[in-house]
Amino acid sequence: MSQTYGRSPLWELYNNTQVTREAVGDLSNFKSSEVNYKLALWDPRVNGVRYLKTLVFTLAAGLSPGNWARLRRIANREVGDPFSITYDGEAVCMDYLQAVLEVEFIESRMALDGARILEIGAGYGRTCHALLSNHEIAAYHIVDLENSLDLASRYLGAVLTDEQLAKVHFHGVDQAEAGGALRELRFDLAINIDSFAEMTPDTVGAYLDLIATHADHLYVNNPVGKYLDKSLDGHSQGDAVVQLALRTGLLRDIVDIFDDRAVAAQSRRFIDAYRPGRDWALLADARAVPWSFYWQALYRSGAAGR
């Protein structure tokens, strides 16, 4: 072999371990094997953080000036040590990229300054943080399960100003019951992001009934259905968890989540499923970037403004 153009010591190793003579002789699945993980792709099985950061970087590169302004108004985003990249001198993580896209979707279709908001299942509170940082919200109510509510309370206490935090009210799920505190309130906007799909159908129905009678708008952002592609995560939490997940939510059809036509077709069921009542109008809907199978919709009550 040529001494000038021959293999480096590194490629001597690769030729003996990954790009072997035997491996390159079989074309049947080489693009999803060790051969291509050396030639063209990083092995997705062990490079999740690399791919996540690449996705965040790509999304940051495409943010509009308006969304950069929204993002920069949100202070203390680094609390909790997220996986972040740096773009234009700004630390950017996936959670707050999604948050500013969601805020943009909502604020372009309804007034948020002065709004009274109910969020059902707030996670650690990033949507609340983003909205309070970008609008003069009058009151922000969160209803959630005990452990999640404790996390949101701690997180929002760490990232919000005292003035912002005074607007936030935390409610256990019992306060959504008949006679509970939430039944005494009226909301301009109800929000659910990525938790209706993890509740029992009866629980989702009960929340939609609450929204129908106590809110003027609903923003919902959830999966359009379920999936069973084991190549995505190897069902790492176990088959029992998979079976539990398949039984939750209103939309339980198995969907090819990487087929845009299948997702778009299922989105029509999404729109019908989450409409709180027959007199509620759909103001807008769209895929919820970046996930292929998440959809978002904003509805308005027929009674709003009366």
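## Burial and overall layout

Of the 306 residues in the protein chain, 43% count as buried, where buried means under 20% relative accessible area, exposed means over 50%, and partly exposed lies in between, with a 1.4 Å probe and protein chains only. This is a predicted model, in which local features need pLDDT of at least 70 and side-chain atom pairs count only at pLDDT 80 or more, while totals for chains, interfaces and linings use all residues. Residues are numbered from 1 along each chain as its sequence is written, and side-chain values use heavy atoms, with hydrogens and water left out.

The chain's secondary structure comes to 12 helices and 9 strands; these are DSSP runs numbered from the N terminus, with helices being H or I of at least four residues and strands E of at least two. Along its principal axes, the C-alpha trace spans about 85 × 40 × 35 Å. Among contacts (heavy atoms within 4.5 Å) between residues at least 6 apart in sequence, 67% join residues at least 24 apart.

## The seven-stranded sheet

Let's walk through the sheet. An open sheet is formed by 7 strands in the order β5-β4-β3-β6-β7-β9-β8, with mixed pairing; two strands pair if DSSP finds at least two bridges between them. Because β5 (168–172) and β8 (281–287) stand at the edges with a single partner strand each, one side of each has no neighbour in the sheet. Direction ignored, neighbouring strands here are turned by 15° against each other on average.

## Around β7

Strand β7 (residues 217–223) is mostly covered, with 7 of its 7 residues buried. With strand β6 (residues 189–193), β7 pairs in the parallel sense over 4 bridges, and Ile193 stands opposite Asn221 in β7. With strand β9 (residues 294–300), β7 pairs in the antiparallel sense over 7 bridges; here Asn221 stands opposite Gln296 in β9.

Strand β4 (residues 139–144) and β5 pair in the parallel sense over 5 bridges, with Val143 opposite His171 in β5. Helix α8 (residues 146–159) lies across β4 and β5 and runs at about 165° to β5. For such values, axes are lines fitted to C-alpha atoms, for helices over the stretch in contact, and angles run from 0 to 180 degrees between N-to-C directions.

Val168 has its place in strand β5 and counts as buried because its relative accessibility is 8%. Not counting residues up to four places away in sequence, Val168 touches Cys128, Leu132, Tyr140, Ile142, Leu156 and Leu160. Cys128 and Leu132 are among the buried residues of α7, and helix α7 (residues 126–134) has 9 of its 9 residues buried.

## Where α5 meets α6

The axes of helix α5 (residues 65–72) and helix α6 (residues 94–107) come within 9 Å and cross at roughly 115°. The contact is made by Asn67, Arg70 and Leu71 of α5 with Tyr96, Val100, Leu101, Val103, Glu104 and Glu107 of α6.

By class, this contact has 5 nonpolar, 1 polar and 3 charged residues. Nonpolar covers Ala, Val, Leu, Ile, Met, Phe, Trp, Tyr, Cys and Pro, charged covers Asp, Glu, Lys and Arg, and the others, Gly among them, are polar.
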